[in-house]
Amino acid sequence: ERFDVMESIDPALVGYAGWYDGLQKRIEIGEDLDDQTVLHELGHAWFDSDLLLSRWMSEGLAETYAELAIERLGDTPDERVAATHGDRGALRLADWSSPTGSEDEIRDTETFGYAASHLVVSSIADEIGVDAMTDVVAAMEDGRTGYLAGGQPIVLGPHVDWRRFLDLVEDVGGSTSAEGLYRDWVVRTADLAVLDSRATARTEYRELSARAPDWSMPEGAARAMAAWNFSGATERMDGAAAVLDAREVAEGVLSPLGLHLPPSIEQDYESAITTEDLAAVTGDLHRLEQAGRVLAGSRDEAEAPRTFVERVGLRGADPEADVDEALAAFERGDLDQAVESANRAVARWDEAERIGKERLIKAGAGAGGGVLLLVGAGIGTRRRRRRRRATPPDDPGPGPEWPAPEA
């Protein structure tokens with residue numbers, strides 16, 4: 001793109017070395033054609049009000065990149081103008097806007113504003129380096145934020161305020177000094193409390209993310225953080241923490257069974273927008289946990305030793321098949337069928353001794369009292385031996401042929 005650079009007396013008349021006319025794509029400079037001033041004004045082709053909503057960001061970025069360009073060209077940048085909080089015209093950079101007041105007041109305010117803006121932005125650039133700053137600028141131009149939803153940056157639009165710039169230099173650039181610079185130079189006193197809320201929410205956000213590194217943060221929590229809605233973000237993060245608590249319990253029940261959470265749980269967690277969405281995921285995890293406990297109980301029953309009487313009671317029944325069906329139903333996401341099959345298996349085992357006794361008594365009655373007495377004695381002996389045995393006894397085989405009970 002072509003830009004015209006022309007000498008003009010107009011900027012000097014109001015105390016400036018030069019300015020950039022975005023409509024005309026023209027840079028006007030005084031009679032002192034200073035390279036760094038030309039590059040500063042050229043920087044406003046990118047760092048202007050169409051992108052940046054705060055003047056200090058526009059001027060600070062333009063001067064910082066002009067300085068970097070001079071260094072890249074092998075020259076020495078102009079000496080930086082110092083800024084201190086005791087300077088005449090000192091103010092919070094968030095309050096720096098178009099100049100007003102007397103000539104002296106404007107001169108003092110403008111001098112401080114340019115110097116302090118350059119101090120803040122160049123300090124961040126010096127800390128994170130040119131490559132990281134390039135990533136930050138690219139994110140600003142794309143409208144991206146520093147927060148992700150479903151693994152992709154949340155996009156809010158092209159106009160970047162000081163809040164999003166802080167997020168980007170930290171989350172994309174990796175700065176650790178930016179918040180301190182903001183507290184010292186940028187934000188109004190009333191906004192210091194907002195930075196406190198932000199710091200608390202970001203700590204919770206990082207801790208929650210670390211609890212489930214294989215899952216993305218819920219979209220609603222990420223969007224609230226990007227919008228600096230920290231109360232809304234905290235509510236959603238509380239809901240997300242409840243989901244992760246339920247996940248840990250459910251996985252503790254399911255893992256020994258060789259079962260896993262269905263993919264829909266992760267998907268529903270990551271796409272959750274509201275606290276109600278997150279509560280629904282927690283409810284689903286509780287159902288999975290409860291189903292897992294029923295399955296675990298049925299599997300324990302399947303592995304328990306059986307007495308002779310229980311084996312007689314189980315003839316013709318196949319609770320192990322019910323357990324297999326329960327596990328298969330869980331894997332395909334049919335929790336109701338999984339619980340039904342598991343409960344059916346447990347019920348068969350619970351009833352095995354009673355049914356076995358009834359069968360043996362009927363069979364004994366059909367063979368005569370002596371046989372019944374022998375059977376009764378055998379039942380008692382078998383049950384006492386079972387209590388002493390740590391592993392299931394061998395299958396005794398089909399046993400004697402008993403007369404069929406009378407109808």
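Student: Why does glycine 180 count as partly exposed?

Tutor: The relative accessibility of glycine 180 is 34%. Buried means under 20% and exposed means over 50%, so a value in between is called partly exposed. The model is a predicted one. Glycine 180 is found in helix α7, residues 178-186.

Student: Valine 120 belongs to α4 and takes part in its contact with α3. How do you know that these two helices meet, and which residues are involved?

Tutor: Contact requires heavy atoms within 4.5 Å. On the α3 side, Arg55, Trp56, Glu59, Gly60, Leu61, Glu63, Thr64 and Glu67 meet residues of α4. Their partners in α4 are Glu110, Tyr114, Ser117, His118, Val120, Val121, Ser122 and Ala125. By class, the residues of this contact are six nonpolar, five polar and five charged.

Student: What is the geometry of the crossing between α3 and α4?

Tutor: The axes of α3 (residues 55-72) and α4 (residues 103-128) come within 8 Å and cross at roughly 65°. The crossing of α3 past α4 is right-handed.

Student: Why is glutamate 110 called buried?

Tutor: Glutamate 110 has a relative accessible area of 6%, which is under the 20% cut-off, and therefore counts as buried. Its place is in helix α4.

Student: What makes the pairing of glutamate 110 with arginine 55 a polar contact?

Tutor: The two side chains make their contact at 2.6 Å. The limit for a pair of N or O atoms is 3.5 Å, so this distance qualifies.

Student: Why does phenylalanine 47 count as buried?

Tutor: Its relative accessibility is 5%, under the 20% limit, so phenylalanine 47 is buried. Phenylalanine 47 sits in the loop between α2 (35-43) and α3.

Student: Which residues does phenylalanine 47 touch, not counting residues up to four places away in sequence?

Tutor: They are Leu52, Ser58, Leu61, Ala62, Tyr65 and Val137. Phenylalanine 47 and valine 137 are 90 residues apart along the chain, with 9.4 Å between their C-alpha atoms.

Student: What makes tryptophan 228 worth a remark on its backbone?

Tutor: Tryptophan 228 has a positive phi of about 60° although it is not a glycine. Most residues other than glycine have a negative phi. Tryptophan 228 lies in the loop between α9 (219-226) and α10 (230-254).

Student: Is tryptophan 228 buried or exposed?

Tutor: Tryptophan 228 has a relative accessibility of 11%; this is under 20%, so the residue counts as buried.

Student: How do you know that β4 and β5 are paired strands?

Tutor: Pairing needs at least two bridges, and three join β4 (residues 144-149) to β5 (residues 152-155), so the two strands pair. They run antiparallel. Alanine 149 stands opposite glutamine 152, and arginine 144 stands opposite valine 155.

Student: What lies between β4 and β5?

Tutor: Two residues separate the strands, which form a hairpin. In the turn, glycine 150 has a positive phi of about 65°.

Student: Which residues join helix α6 to helix α8, and how are they classed?

Tutor: Trp162, Leu166, Asp167, Glu170 and Asp171 in α6 meet Leu195, Arg198 and Arg202 in α8. Three of the contact residues are nonpolar, none are polar and five are charged. The helices, α6 at residues 162-171 and α8 at residues 192-211, pack at about 35° with axes 13 Å apart. Their crossing is right-handed.

Student: Why is aspartate 322 called buried?

Tutor: Its relative accessible area is 9%, which falls under 20%, so aspartate 322 is buried. Aspartate 322 is placed in helix α14, residues 319-331. Leaving aside neighbours within four places in sequence, aspartate 322 is in contact with Ser341, Arg344, Ala345 and Arg348.

Student: How many helices and strands does the protein chain have, and what share of its residues is buried?

Tutor: The protein chain has 16 helices and five strands. Of its 407 residues, 40% count as buried. Among contacts between residues at least 6 apart in sequence, 66% join residues at least 24 apart.

Methods: Residues are numbered from 1 along each chain as its sequence is written. This is a predicted model: local features need pLDDT of at least 70, side-chain atom pairs count only at pLDDT 80 or more; totals for chains, interfaces and linings use all residues. Side-chain values use heavy atoms; hydrogens and water are left out. Helices (H or I, at least four residues) and strands (E, at least two) are DSSP runs, numbered from the N terminus. Axes are lines fitted to C-alpha atoms, for helices over the stretch in contact, and angles run from 0 to 180 degrees between N-to-C directions. A crossing is left-handed if the near helix is turned anticlockwise from the far one by less than a right angle, and right-handed if clockwise. Ala, Val, Leu, Ile, Met, Phe, Trp, Tyr, Cys and Pro count as nonpolar, Asp, Glu, Lys and Arg as charged, and the others, Gly among them, as polar. Buried means under 20% relative accessible area, exposed over 50%, partly exposed in between (1.4 Å probe, protein chains only). A polar contact is a pair of N or O atoms within 3.5 Å; within protein, one must be able to donate a hydrogen and the other to accept it, and residues adjacent in sequence count only if both atoms are side-chain atoms.
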